[in-house]
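Biologist: Please show me the sequence and the model. I would like to go through them with a few questions.

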Amino acid sequence: QVQLVESGGGLVQAGGSLRISCSVSRRTSGNYVMAWFRQAPGKEREFVASVVWRTKTTYYADSVKGRFTISRDNTKDTVYLQMSSLKPEDTAVYYCAARWLDKSEYDYWGQGTQVTVSS
């Protein structure tokens, strides 16, 4: 069982930056994808960014492209989401998720961390 634990959320002013982290409890030899999703009040959960662990290939939602950067540290089993030029509409609970590369569904989810951007 893989456990994901997010940290680093908080309150930030519009235009500011914040980095959130996701630690992976169990190292695996398989190739998998780590991702960040977010869910704002009254809205469905949406994809934000992902990284293929072995190749470090990244993908981003159009809404965050150029402002957010996903990265992973293999030595710390941790995935980061560096968020810059934050907007009030980025306010949401951010979830870390993981899936195997050959699967389409994310099987593992963290508990979420709140990010609030004030105007």
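Modeller: One definition comes first: a residue is buried under 20% relative accessible area, exposed over 50% and partly exposed in between, using a 1.4 Å probe and protein chains only. This is a predicted model, in which local features need pLDDT of at least 70 and side-chain atom pairs count only at pLDDT 80 or more, while totals for chains, interfaces and linings use all residues. Residues are numbered from 1 along each chain as its sequence is written, and side-chain values use heavy atoms, with hydrogens and water left out.

Biologist: Is W109 buried, partly exposed or exposed?

Modeller: The relative accessibility of W109 is 31%.

Biologist: How is the pair of F37 and W109 classed?

Modeller: Rings of Phe, Tyr and Trp (its six-membered ring) pair if their centres lie within 6.5 Å; planes under 30 degrees apart are stacked, over 60 edge-to-face, and the rest tilted. By this rule there are 6 aromatic pairs. In one of them, F37 and Y106 are 5.1 Å apart centre to centre with 80° between the planes, which is edge-to-face. For F37 and W109 the centres are 5.0 Å apart and the planes stand at 55°, so this pair is tilted.

Biologist: How many residues apart in the chain are F37 and W109?

Modeller: Strands are DSSP runs of E of at least two residues, and helices are runs of H or I of at least four, numbered from the N terminus. F37 belongs to strand 4 and W109 to strand 10, so by that definition they sit in separate runs. Their separation in the chain is 72 residues.

Biologist: Which residues form one aromatic cluster?

Modeller: F37 is buried, at 11% relative accessibility, and Y106 is buried too. Y106 lies in the loop between strand 9 and strand 10. The cluster is made of F37, F47, Y106 and W109.

Biologist: What is the order of the 4 strands in the open sheet?

Modeller: Two strands pair if DSSP finds at least two bridges between them. Strand 3 and strand 8 have 6 antiparallel bridges, and strand 7 is joined to strand 8 by 6 bridges, also antiparallel. The order is 1-3-8-7.

Biologist: What is the bridge partner of S23 in strand 8?

Modeller: Strand 8 covers residues 78–83, and 5 of its 6 residues are buried. I20 has L81 as its bridge partner there. For S23 the partner is T78.

Biologist: Is S21 buried or exposed?

Modeller: S21 is found in strand 3 (residues 18–24). Contact means heavy atoms within 4.5 Å, and beyond four places in sequence S21 has contacts that include W36 and V79. The relative accessible area of S21 is 15%, so S21 is buried.

Biologist: How many residues apart in sequence are the parts tied together by C22 and C96?

Modeller: A disulfide is a pair of cysteine sulfur atoms within 2.5 Å, and the structure holds 1. The sulfur atoms of C22 and C96 are 2.1 Å apart, and the link is left-handed, with -80° about the S-S bond. C22 lies in strand 3 and C96 in strand 9 (residues 92–100), so the separation of the tied parts is 74 residues.

Biologist: Which residues touch the most other members of the largest nonpolar core?

Modeller: In soluble globular proteins, nonpolar side chains tend to be buried together. A nonpolar core is a set of buried Ala, Val, Leu, Ile, Met, Phe, Trp, Tyr and Cys residues joined through side-chain atoms within 4.5 Å. The largest here has 30 residues, and those touching the most other members are L4, M34, W36, L81, M83 and Y94.
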